Amino acid sequence: MTDTRRLEGFAALVAFGLTIPAANWLIGNAGSVCVPQGPCLIPVAPGVMAPSGVLMIGLALVLRDLVQRRLGLGWAWLAILAGTAISATLAPPALVVASAAAFLISETVDLAVYTPLQRRHLVLAVLLSGLAGLVVDSVAFLFIAFGDLSFLPGQVLGKLWMILLALPLVAWLRRADARRGILPA
């Protein structure tokens, strides 16, 4: 493994790990509206609100893909397991099970979709795995935490925005890798 690929992989791993506490902090502290005893909300489309942590979860789905691309499948699994533990540790007590379960399930789905596609179609792999992961994460979290899917459109849109914003960077990375002769792990 080249030093550059390893360094970039560990940078993605650290960033991935930081999205979890950031999501937990955002959901309780930052938004245009904070529901008493509930999440802080942000607008993700006209008339559509979502808990503010969705932005970090959308980014986490992309960063996990980059960890796998740079460090390999083993590191991606370790990142998912560590992320699940971090999520369970940092989530508000009422949301521990929902947060950890949704994280574990959605990141595993993301990995399962991304892995077979990433060597030949990186941007498509990131998009499709992110879409699968964000839907699973949103449904699992909302159902387990609240037994209610009323925030589903906002959850999906908020995470989708982050994935879409990351796609040009992923396309650039693919081209840069080809120029530098860096192969996926």
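Author: The link of Cys-34 and Cys-40 is right-handed, with 105° about the S-S bond. This is a predicted model, in which local features need pLDDT of at least 70 and side-chain atom pairs count only at pLDDT 80 or more, while totals for chains, interfaces and linings use all residues. Residues are numbered from 1 along each chain as its sequence is written, and side-chain values use heavy atoms, with hydrogens and water left out.

The structure holds one disulfide, a term used here for a pair of cysteine sulfur atoms within 2.5 Å. In this case the sulfur atoms of Cys-34 and Cys-40 are 2.0 Å apart. What is the relative accessibility of Cys-40? It is 2%, so Cys-40 counts as buried, whereas Cys-34 is partly exposed at 41%. Buried means under 20% relative accessible area, exposed means over 50%, and partly exposed lies in between, all with a 1.4 Å probe and protein chains only.

Cys-40 leads us to Ser-52, which is in contact with Leu-26, Ile-27, Ala-30, Cys-40, Leu-41 and Ile-42 once its neighbours within four places in sequence are left aside. Contact here means heavy atoms within 4.5 Å. Ser-52 is itself buried, with a relative accessible area of 2%. Its place is in the loop between β3 (48-51) and α2; helices (H or I, at least four residues) and strands (E, at least two) are DSSP runs numbered from the N terminus.

α2 passes α3 in a right-handed crossing. On the α2 side the contact is made by Arg-64, Val-67, Gln-68 and Leu-71, and on the α3 side by Leu-73, Trp-75, Ala-76, Ala-79 and Ile-80. Those residues divide into seven nonpolar, one polar and one charged. The classes count Ala, Val, Leu, Ile, Met, Phe, Trp, Tyr, Cys and Pro as nonpolar, Asp, Glu, Lys and Arg as charged, and the others, Gly among them, as polar. A crossing is right-handed if the near helix is turned clockwise from the far one by less than a right angle, and left-handed if anticlockwise.

The UniProt record (unreviewed entry) places the feature "transmembrane region" at several spans, including 42-63 and 70-88; its positions are in the numbering used here, feature names are shortened, and annotations may be inferred rather than shown by experiment. Residues 42-63 are 45% helix and 36% strand, with end C-alpha atoms 22 Å apart. Residues 70-88 are 95% helix and 0% strand, and their end C-alpha atoms lie 26 Å apart.

Ala-88, found in helix α3, is partly exposed at 28% relative accessibility. Leaving aside neighbours within four places in sequence, Ala-88 is in contact with Val-96 and Ala-100. Ala-88 and Ala-100 are twelve residues apart in sequence, yet 4.9 Å apart in space, C-alpha to C-alpha. Ala-85 also lies in α3 and counts as partly exposed at 42%.
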